Amino acid sequence: MTAIAINLNPIIQLTDNQFYQLCRENPEIKFERNAEGELLIMSPTGGETGNRNIEISADFVFWNRQTQLGVCFDSSTCFKLPNGANRSPDVAWIRKEQWDALTPEQKEKFPPIAPDFVLELMSLSDSLRETQEKMQEYINNGVKLGWLINPKMRQVEIYRLGQPIQILESPKELSGEDILPGFILNLSIIWR
């Protein structure tokens, strides 16, 4: 999805609480905010992407229920990253110790934390360049492992903190490595 960017900064710079209130008052619109404070309006996904997202999310939820190592989040969760951006990855996961360190108010609103893991699943309307920039922003803000899944190109880009990007062509599965111990994502649900 190519986001529509609106720069209100010359008129008003929204505080975190104002941005949160804007999102609450307009639940039918998916907002993000970049590090420069510009509002980003995200378009909804289509049926195929929505189905893939829910299938992927289910795998994470089932794994996390078994391991009880952390907390899973869907694409409607907005995180306040250290650089000031508010981002909503398609799937996110945070270690239990990290999540438990937040206050109840921080957990309720837009958690001021970079997840340990993020996943972005590209839809047909997504810009590859913009999504790659978003993935790099996650890593630059402390995300340890990120997967950018591109069904159209049958590629996965793996982002790791402190390492170069790895590109895989039509992989059958992805390993959660030491960030998501024991997690394996079977990609047959993506490459159908």
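The protein exposes about 9,900 Å², an accessible area from the Shrake-Rupley method with a 1.4 Å probe, where for residues only the protein chains shown count as cover. Carbon and sulfur atoms supply 52% of this area. The model is predicted: local features need pLDDT of at least 70, side-chain atom pairs count only at pLDDT 80 or more, and totals for chains, interfaces and linings use all residues. Residues are numbered from 1 along each chain as its sequence is written, and side-chain values use heavy atoms, with hydrogens and water left out.

Five helices and 13 strands make up the secondary structure. Both are DSSP runs numbered from the N terminus: helices are H or I with at least four residues, strands E with at least two. The radius of gyration, taken over C-alpha atoms, is 16 Å. The globule rule (2.2 Å times the number of residues to the power 0.38) also gives 16 Å for 192 residues, so the protein is as compact as a globular protein of that length. Of the 192 residues, 44% count as buried. Buried means under 20% relative accessible area, exposed over 50%, and partly exposed in between (1.4 Å probe, protein chains only).

Six strands form an open, mixed sheet in the order β4-β7-β8-β9-β10-β11. Two strands pair if DSSP finds at least two bridges between them. β4 (70-73) and β11 (166-169) are the edge strands, each pairing on one side only. β4 pairs with β7 (residues 91-95) in the antiparallel sense, over four bridges. In this pairing, Gly70 stands opposite Arg95 in β7. Helix α2 (residues 47-67) packs on the sheet and touches β4, β7, β8 (117-121) and β9 (145-150). Contact means heavy atoms within 4.5 Å. The direction of α2 makes about 160° with that of β8. Axes are lines fitted to C-alpha atoms, for helices over the stretch in contact, and angles run from 0 to 180 degrees between N-to-C directions.

Helix α5 lies across β8, β9 and β10 (155-160), at about 170° to β9. Thr131 is found in α5 (residues 128-140). Thr131 counts as buried, at 9% relative accessibility. Beyond residues up to four places away in sequence, Thr131 touches Glu120, Met122, Asp126 and Leu148.

The whole structure holds zero disulfides, defined as pairs of cysteine sulfur atoms within 2.5 Å. For Cys72, the nearest cysteine sulfur, that of Cys78, is 18 Å away. Cys72 is partly exposed, at 23% relative accessibility. Cys78 is buried, at 4%. Its sulfur is 5.9 Å from the closest cysteine sulfur, in Cys23, too far for a bond.
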